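Biologist: I'd like to learn how to read a protein model one feature at a time. Could you take me through this one?

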Amino acid sequence: MDKINFVNKGQPAINDTNLNKMQDNIEKALEGVVLYENASGSTGDITLSETAANFKYLEIFYKRYSTAGEYGTPCKSEKVNNPNGKYAILNMNYSGGDVLQISAEEIQINGTKITRYSDYLMLGVNITSGEIVQHEKTTHFLIEKVVGFKD
């Protein structure tokens, strides 16, 4: 954020230059910094362009991995406050036909790395038959974008 001096030799310094600087500061505070972006998404660990320690929170955008493309590819985002050194859960509920799927995986955010900390787990419940199917250690969520916010 750029510093604004409101007093100039004892006189108020409210002028177009400082008002424009104030507006720029507000816009910078509201806009995030894209730290990672891959439109296809990645199931591996993520390297950020800047350390998570520089940000008040991160927003991680991800989608469900699917080779079949059934019912489209659902997507979601997760916000992590004071992210450096934290663990976070990426999760998603997904309904397709008679099946409700609940999936989750744990990640660790540390410096410039987002590491897949736990395996991706999915529990599927068929509401017609009552059958419960659990899949473990399947492919992770696809992380598409990570945005950092300083204020």
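**Reading a buried arginine and a nonpolar patch**

Modeller: Happy to! Let's begin with Arg 64, which sits in the loop between β5 (57–63) and β6 (75–81). Keep in mind that this is a predicted model.

Biologist: Is Arg 64 buried or exposed?

Modeller: The general idea is to compare the relative accessible area with a cut-off: buried means under 20%. Arg 64 has a relative accessible area of 5%, so this residue is buried.

Biologist: Which side chain does Arg 64 join in a polar contact?

Modeller: Here we look for a pair of N or O atoms within 3.5 Å. The side chains of Arg 64 and Gln 101 are joined by such a contact, at 3.4 Å.

Biologist: And which residues form the nonpolar patch on the surface?

Modeller: Leu 100, Ile 102, Leu 123 and Ile 132 do, and together they have about 330 Å² of accessible area. Take Ile 102, found in strand β8 (residues 99–110). Its relative accessibility is 41%, so Ile 102 counts as partly exposed.

Biologist: What share of the residues is buried?

Modeller: Of the 151 residues in the protein chain, 31% are buried. As for the surface, the chain exposes about 9200 Å², with carbon and sulfur atoms supplying 49% of it.

How values were computed
Residues numbered from 1 in each chain as written. Predicted model: local features only at pLDDT ≥ 70, side-chain atom pairs only at ≥ 80, totals over all residues. Heavy atoms only, no water. Buried < 20%, exposed > 50% of the residue type's maximum accessible area, 1.4 Å probe, protein only. Areas by Shrake-Rupley, 256 points an atom, 1.4 Å probe, with all protein chains shown as cover. Helix = DSSP H or I, 4+ residues; strand = E, 2+ residues; numbered from the N terminus. Polar contact = N/O pair within 3.5 Å; in protein donor to acceptor, adjacent residues only side chain to side chain. Patch = residues over 30% accessible without salt bridge, like charges linked within 9 Å, V, L, I, M, F, W, Y side chains within 5 Å. Salt bridge = Lys/Arg side-chain N within 4 Å of Asp/Glu carboxyl O.
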